[in-house]
Amino acid sequence: MYQCDKLRLTGFGTKNSTNAIHHWTGTTEALTPPASTPNEPCRFVGLLSSPVSLPRGPALRRLQVQVDGWAARVVVGGEGRLKLGGGGTRLGQSDSCDICQKVFSRRDNLTRHRKIHEDQKVFICNICQKKFGRKDVLNRHKKTHGKNELVAHNNCQKSSGGASNSNRQRNTPSSTSVHICEFCNKSFSRKSCLLQHTRIEHGFKRKHESSPCTNKRAKKMKHALDVFTKHELFHSDKVSKDLKEYIKEMRPRVYNLLSHELDVLNSIKWYMVVTMEMSRMISDDEEKTITTHFRSNCDTVLTLDFVWENIDKGFDKITNSFEEFIRRGSGWTLKKIIKFNLCVAKYRPLRASSYIPLPAKLEKKKAILNIQSTDQNCFIWCLLAHQMNISRENNPQRVNHYIPHQNKIKVGNVTCPVSLNQVPVIERLNELRINVYGYEDNMVFPLYISKQSNPDCINLLLISQEEHRHYCLIRNMSRLLGDLTEHKAATHICFRCLHRFSQKKYLDDHRRFCDNHTPQRTKMPKESNKYLSFNNHHFQHRLPFIIYADFEALILPIGGASPSADNSYTEKVAKHLPCGYAYIIIGPDGKTYKPIVHYRGENTVEHFLNAIVKEKYELAQKICTIAPLHMTPEQEQLFQREKKLLSLQERTTWG
C-alpha cells in the first residue's frame with residue numbers, strides 16, 4: 001500500500017472548472033487556475049489535503065481523474081506521488097481548429113496541427129538546409145540523402161571542428177538505413193528502391209527451384225547436396241545475339257554472386273545453364289526454331305582463390321557445347337539468348353552422425369546389422385562388428401560389445417563422423433578393404449568402392465533421415481539384393497555394379513571387364529518404357545545417294561549324326577544359299593537414280609560386291625564433278641540476298 005499525505009495533480013482545464021475530483025474519496029484544496037478568459041484552456045493544479053491509501057501494483061499505474069468533465073491519465077511518480085500524464089480530454093466533446101475547423105479528439109494533436117498555419121519552420125536539414133515545421137518530417141527527409149552524402153558531410157564537420165555535430169549526425173536514422181548496390185555501389189535509402197534498381201539496371205532476380213525438400217525437409221531424405229537455389233540473371237539486349245559479348249558481360253556478375261553465396265554458405269556447389277534460341281532456314285520462306293540449353297559442369301568452391309578459374313572453365317564448357325551443336329546441326333545459327341541461370345547449393349559432404357532405424361523393407365531381409373549407438377562412432381562400430389562377428393543370439397546390435405575394443409581401429413587424424421573422402425585413410429591405416437553403398441527410393445547403389453585387393457571385404461550401408469546419416473554393416477549382400485530376381489538360391493555379387501551371377505567363375509570373368517569402368521548400379525527400364533527410339537531426326541546428316549538392297553536364298557536341308565543327349569547342343573537343320581539379289585539407288589531429289597538392278601545365278605555374294613564397288617566409283621565421280629550453274633536474273637537476285645543474310649548471321653554468332 002502507498003501512504004500519501006498529499007497528492008499533487010496537474011492537468012489541463014478551463015477557468016470555469018470546479019474543484020470537484022471524483023474517483024476516490026477525499027477532499028482537495030481549491031484549484032487555482034491562472035487568470036485567463038472564460039473557457040480558454042489553461043493549466044490547473046490540485047492538492048489532496050487528507051491522507052489517501054492507494055493499492056500497490058499495476059492497477060495504480062493507470063488511474064483516471066475527472067475534474068468537472070475533464071479526464072486525464074494518472075501515472076505513478078516516485079515515492080508514491082501521482083501525476084497526470086499528457087493533456088486532459090473533455091469527456092464527450094472534441095476540439096476543432098479555429099482556422100480550418102478541423103476536429104481533433106486530443107488536445108495535443110490540435111496543438112501540433114496549429115503549427116501548420118503558423119508556418120514556423122524551425123527544423124533545418126544540416127545537409128541541404130531545407131526547413132521543416134516538424135521534426136519527424138525532417139528525419140524522414142534525411143533518409144533521402146545517400147550514404148556518400150552523409151559521409152562527405154561528416155568529414156566536412158570533422159575538418160571544421162564540429163565534432164559534436166558530426167557525432168549527432170552519424171546517429172541519425174538515415175546513416176543506419178542505407179542500402180548499397182553490390183554491382184555499382186550506388187546507395188539507396190530504402191530496400192525496395194534497391195531491389196527495383198537491381199532488377200531494372202542489372203537484371204538481377206532470385207528464384208528458388210521447386211522441390212519437396214524446400215519447405216518440408218522432414219518428410220524427405222536429403223542428399224549430399226542441399227536444394228539448389230536458382231539465380232536468374234538478366235542481360236542487355238545488345239549482347240543477346242553475340243555469345244562472346246554475352247560471356248564478357250555475365251562473367252563479373254557471376255563472380256560477385258558466387259562471392260556473396262560463399263560468404264553466406266562457406267562452401268558451395270554451383271553450375272550455369274544458358275538457354276538459347278537457335279534457327280535455320282528449311283525453305284525460302286520458312287524458318288525453323290528450337291530452344292536449346294547449354295550447361296556447365298558442377299564445380300565445388302571452398303575459397304575465393306579458384307573462383308575465376310572455375311568460372312572460365314564453366315563458360316568454356318558452354319562455348320564448346322555451343323560450337324559442337326553448330327557443327328552437327330546442319331545450318332543452325334544463334335537467334336538470341338533467352339536467359340541465364342546460376343544454380344547454387346551449400347556443399348555438404350556425406351558423413352554419418354547418429355543412430356537411425358532401418359526402413360521396414362531392409363529390416364525384414366535380416367541382412368544388415370544396425371548398431372544402436374547414440375554417438376558419432378557408428379563407422380568404427382561397424383568395422384569392429386565385422387571383425388568380432390558376434391552371433392545373432394548375443395544381440396550384436398548393442399554397442400557395449402564394441403566399446404572395450406575401440407582402440408583396435410586406427411583413425412589417425414580422422415574425426416568422427418567419418419565422411420566418404422576419409423574412408424581411404426582408414427583403409428590404409430588398418431589394411432582393410434571397405435565399400436560404402438547408399439540407399440534411396442528402395443534402391444541400393446555404390447557410393448565408394450575400395451581399390452584395395454584384400455579378399456576380406458567390409459560392405460557398409462549409409463542410410464539417411466533428414467539431416468542425419470548412419471553407417472550399417474552389410475552381413476549378407478546376396479540376401480540384401482535377393483528380391484531383384486526370381487532365383488532364390490545364393491548368388492555371387494559384383495561389388496562394383498551389383499550384378500548377380502549364379503556361379504563364381506562367371507563373376508571372375510565379369511570382373512575383368514567391370515574393373516575397367518567406374519562403379520555404377522545397373523537400372524533396368526520399366527515395362528512401359530523398355531524400347532529405345534531415335535527422336536532427334538534433325539541431327540541426321542543428309543547424304544546425296546542411298547542404296548537399298550535385298551537378297552534371295554535357297555534353304556537346303558543339312559543331314560548328320562544325332563547329337564548326344566548327355567550334353568547341351570544346338571542342332572542345325574538347314575542352310576541358306578544365296579541365289580539372287582536386287583538393289584535400287586535413290587538420288588538427292590528423292591527419286592530413283594537409275595533402274596532397279598537385279599541378278600539371279602551362281603556366286604551371288606561375289607557378284608553383288610563387284611556391282612556395289614562399280615556403283616561407288618560411278619557415284620563418286622558424279623559427286624566430284626561440278627556442273628556450271630545457270631540462274632535467271634530473279635534467281636541471281638534471290639541468291640545474293642540470301643548470301644548477305646547468311647554472312648550477317650555468321651558475324652552475329654561469332655562476333
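Predicted model: local features only at pLDDT ≥ 70, side-chain atom pairs only at ≥ 80, totals over all residues.
Visitor: What is a nonpolar core here?
Guide: A nonpolar core is a set of buried Ala, Val, Leu, Ile, Met, Phe, Trp, Tyr and Cys residues joined through side-chain atoms within 4.5 Å.

Visitor: OK, which residues in the largest nonpolar core touch the most other members?
Guide: That core has 33 residues, and the ones touching the most other members are Val 254, Leu 258, Trp 270, Met 276, Met 278, Phe 340 and Leu 342.

Visitor: And which elements give two or more residues to this core?
Guide: They are helix 6 (243-265), helix 7 (307-328), strand 17 (268-281), strand 18 (287-295) and strand 20 (333-346). Helix 6 gives the most, nine residues.

Visitor: What does Met 278 touch?
Guide: Leaving aside residues up to four places away in sequence, Met 278 has contacts that include Ile 290, Phe 322, Phe 325, Ile 326, Trp 332 and Leu 334.

Visitor: How many residues are in the second core?
Guide: The second, separate core has 28 residues, among them Trp 381, Cys 382, Tyr 402 and Val 418.

Visitor: New topic. In what order do the strands of the five-strand open sheet run?
Guide: The order is 21-25-24-22-23, with mixed pairing.

Visitor: Why is one side of strand 21 and of strand 23 left without a neighbour in the sheet?
Guide: Strand 21 (368-369) and strand 23 (443-448) are at the edges and have a single partner strand each, so one side of each has no neighbour in the sheet.

Visitor: In which sense do strands 22 and 24 pair?
Guide: Strand 22 (433-440) and strand 24 (457-465) pair in the parallel sense, over six bridges. Ile 434 stands opposite Ile 458 of strand 24.

Visitor: Which strands does helix 9 touch?
Guide: Helix 9 (378-388) packs on the sheet against strands 21, 22, 24 and 25, and its direction makes about 5 degrees with that of strand 25.

Terms used: Residues numbered from 1 in each chain as written. Heavy atoms only, no water. Buried < 20%, exposed > 50% of the residue type's maximum accessible area, 1.4 Å probe, protein only. Helix = DSSP H or I, 4+ residues; strand = E, 2+ residues; numbered from the N terminus. Contact = heavy atoms within 4.5 Å. Pairing = 2+ DSSP bridges. Axes fitted to C-alpha atoms, helices over the stretch in contact; angles between N-to-C directions.
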